[in-house]
Amino acid sequence: MSVGTHAIDIRTSPHIKGQLTTDTIMLHVVYALLPVTAFAVFVFGLSALLMILVTTGTCVLTEHVLCKLAKKQTTVRDYSAVITGLLLALCLPPAFPLWMAVVGGVVSITLGKALFGGLGMNPFNPALVGRAFLQAAFPVAITTWAPAFWPKVWSIERFTSIMLPTVSLPFMRPESVAAFIQGVSLDGLSGATPLAKMKFEHQATPLIDLFVGMTAGSAGEASAFLIILGGIYLCARKMMNWRVPVSILVTAAAVSGAFYLSDRQAYPTPMFMLFSGGLMLGAVFMASDMVGSPMSPIGIWIYGALIGAVTVLIRLKGGLPEGTMYAILLGNACTPLIDSLTQPRIFGARKKAVKP
Amino acid sequence: MTFPWFGSRKTFAHGIHPPECKDLTRDKGIRRLPFAPHLILPLSQHTGAPAKPIVREGQEVVRGEPIAEPGGFVSVPMHAPVTGVIEKIGLARDARGGMSPAIFIEQYQAANQEILYGAETDIDSLSPAELVKAVQATGVVGLGGAAFPTHVKLALPEGKQVDTVIVNGCECEPFLTTDHRVMLEQVDSIYKGIRIVMRALGAKRAIVGIETNKMDAVERMRAAVPAGLACTVEAIEAKYPQGAEKMLTKALVGREVPSGGLPIDVGVGVFNVGTLAQIGELLPIRQGLIERVVTVSGTGVRSPGNYLMAIGTPLRFVLEQVGFRERECELIFGGPMMGTTIASLDVPVTKGVTGILAIAKDHPLAHRNGRVYPCIKCGACVEACPMHLNPSELGLLARKMEYESMTEQHHLMDCFECGCCSFVCPSNIPLVQYFRVAKAVTRERKVSK
């Protein structure tokens, strides 16, 4: 038998490769977000669905166009733009005007990501950059909440008709959601979020409602349960660092627990803090964005503690009912500093030769 | 991360768990490969100065006869692996693609290949200095892949002491099973080798480290510890790169070799089991190293196994003997993590070759040379690096060619190219390759200064 009629390939070691790739990680983050997304549509209806489609579409399209403009191979296939689009939709009010959502999507990808050099280079979570822009540009629209229709309203109207603000014309004052709510519902359905109720009316929402997702709020904040489920899935597949959500939630619980113990009347319980508002979604899906978070385990604990503490402080002491977004952006901003302070101690450094 | 209360074994921090792929050959006993008609013996099969030929063209040599003498202290002699005639002394293709001087031998097909050299020696009558010379005369080098002359490690520099000899039976590279088989089949030689090395170094104890994926070898070695020898056998976690000497030292005796140092700096000498088996076998009868066990494996090989082959056997001959599936394969000398791809089939098996792997392109683990994504700072490499470096940061600096910052602030020179970072990188970034280039440039700059 003779050997050697084929071409020989040469390359440098290692010659084998782990199976996990960046696009698979991104794809699985999308999978983990799907239950949350589906539940948002179920609770808030057609308007939420439209908004999710619009932001995701805008983000993907913006990314594609920007790649073309830069004369580069398109990067939409790595799914990171899809994640940005989904996350942006999930942290906006369900009846948010669609044209504003488009603005948010474009801003997320251009200012939040492409301007810095694309995937891997963005210091901040792109979806939160988009949301921060919208908060500054449209402060009223972004705090106009539609109520969670499920389970108080059984009618299917939310799936057949669109809430009026959703389709407002660009640069026009959005319609109020009140008319729609009256159209479909009984009394007592309010669009105030649990955090706003707590802040301005001192009224707590039952924990079970927060956990299952029967409260007003951003589209994806509703069900803490599904968010945790997605997080566990990603951690189990080693596509997310479990330290990020754990450190944030533990710190938030500890800080708000301290407040609660100091004055049980004035401050909400730590459990309420964890399960209300965008903290859960932020901790599991936004702060855990690998690009904007530190790399070493110690760095991640510092980063998580910072986000958890700042969130609680903004909620309890600041002027806004919710502080997750700013806390995460602040955490992102501190990441390079944390990284440089927590460089791993290299093997064999510092120690002097041991005398045998 | 390790949980001691889960009964996990001694190990080091970080590292990876690549699929072992050892099932192909782990149960295949060592078999002798036929002698190739023509052998190629590069004069530089080891680290250090090349050997100097002491034969001339046309000279007949007997199997085991010295054919080259050491070119210095960090060098070893060479012995004729077969009875035959010196064809020529000239340039031969080496594994890295270049040409280097070698001795070519044509085998006498009718010869009975008896080894006619050597003389029985009582090792207990030799002083440590004489032992070092005797080890050098066997031509044994590190058979675990490094090919560093073993006697150099036995000659203690002034002021250094070694209290512990560590015997490396980890074989953490996927696919390879040579050390595994040697531990099962050559136990007595290994213990003879351990005794010699301990005597030469004046060490008080020896520890054999074997990964938990070779429990049969652990039991075999434990059962055979000779009475009166201060030697223990430890089962340690199967993890890559457990067999790297710094990692193994940390795992077994808890000492951290200082940055830029050697195990000897913490009073430890690390030797591969295969090396010790050869010393134990050859030194008492004063013979030279003329053959070694090589794992031939991978999906591209018809009959994978552990073969005892003459040093100098051309790769082409090996593949013809074991059956080679003619399809797109990557041919590797050594393990898949740190081995070298071979550019020509006319390259010979040398003393440092632990395995010959033919990994087909469609193997699930094969490197796909896929698209390189930007670094997403996932930190997988940071958690994998056994030297606790920051490969991600180093990779970014390498892209910017900031080699000075890499060496000064990020300890590039501590990287030993184990390949963990490249293996885990989801973005397909060829980190190890970047580091090789950076190191080469740094070394060159240092020389030109």
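1. Two residues are in contact here if their C-beta atoms, placed from the backbone, lie within 7 Å. On that basis, the A–B contact draws 42 residues from chain A and 62 residues from chain B. Chain A's side splits into 20 nonpolar, 15 polar and 7 charged residues (nonpolar being Ala, Val, Leu, Ile, Met, Phe, Trp, Tyr, Cys and Pro; charged being Asp, Glu, Lys and Arg; polar being the others, Gly among them).

2. A word on the ground rules. This is a predicted model, where local features need pLDDT of at least 70 and side-chain atom pairs count only at pLDDT 80 or more, while totals for chains, interfaces and linings use all residues. Residues are numbered from 1 along each chain as its sequence is written, with chains lettered from A and ligands numbered from 1 in the order in which they are written.

3. Chain B comes in three pieces: domain 1 (4–26 + 119–285), domain 2 (35–106 + 292–360) and domain 3 (380–448), with bounds from an automatic or database domain assignment. The C-alpha centres of domains 1 and 2 of chain B sit 24 Å apart. Their contact takes 24 residues from domain 1 and 31 residues from domain 2. On the domain 1 side, helices H1 (128–138) and H3 of chain B each give two or more residues, and H3(B) has the largest share, with 3 residues. That side divides into 14 nonpolar, 8 polar and 2 charged residues. Helices are DSSP runs (H or I, at least four residues), numbered from the N terminus.

4. Have a look at H3(B) itself (residues 178–185): it is largely enclosed by the rest of the structure, because 7 of its 8 residues are buried. Buried means 20 or more other C-beta atoms within 10 Å of the residue's own, with C-beta atoms placed from the backbone. Among the buried ones are B:Asp179, B:His180 and B:Arg181.

5. Now the cores (sets of buried Ala, Val, Leu, Ile, Met, Phe, Trp, Tyr and Cys residues joined through C-beta atoms within 7 Å). The largest has 146 residues, and B:Val165, B:Val167, B:Ile194 and B:Val197 have the most contacts inside it. Helix H4 of chain B (residues 187–201) gives the most to this core, 9 residues. A second, separate core of 91 residues includes A:Val36, A:Val60, A:Ala216 and A:Met286.

6. B:Lys250 counts as buried because it has 22 C-beta neighbours inside 10 Å. Beyond its neighbours within four places in sequence, B:Lys250 contacts B:Phe12, B:Arg255 and B:Glu256.

Key: A residue is buried if 20 or more other C-beta atoms lie within 10 Å of its own, exposed if 12 or fewer, and partly exposed in between; C-beta atoms are placed from the backbone.
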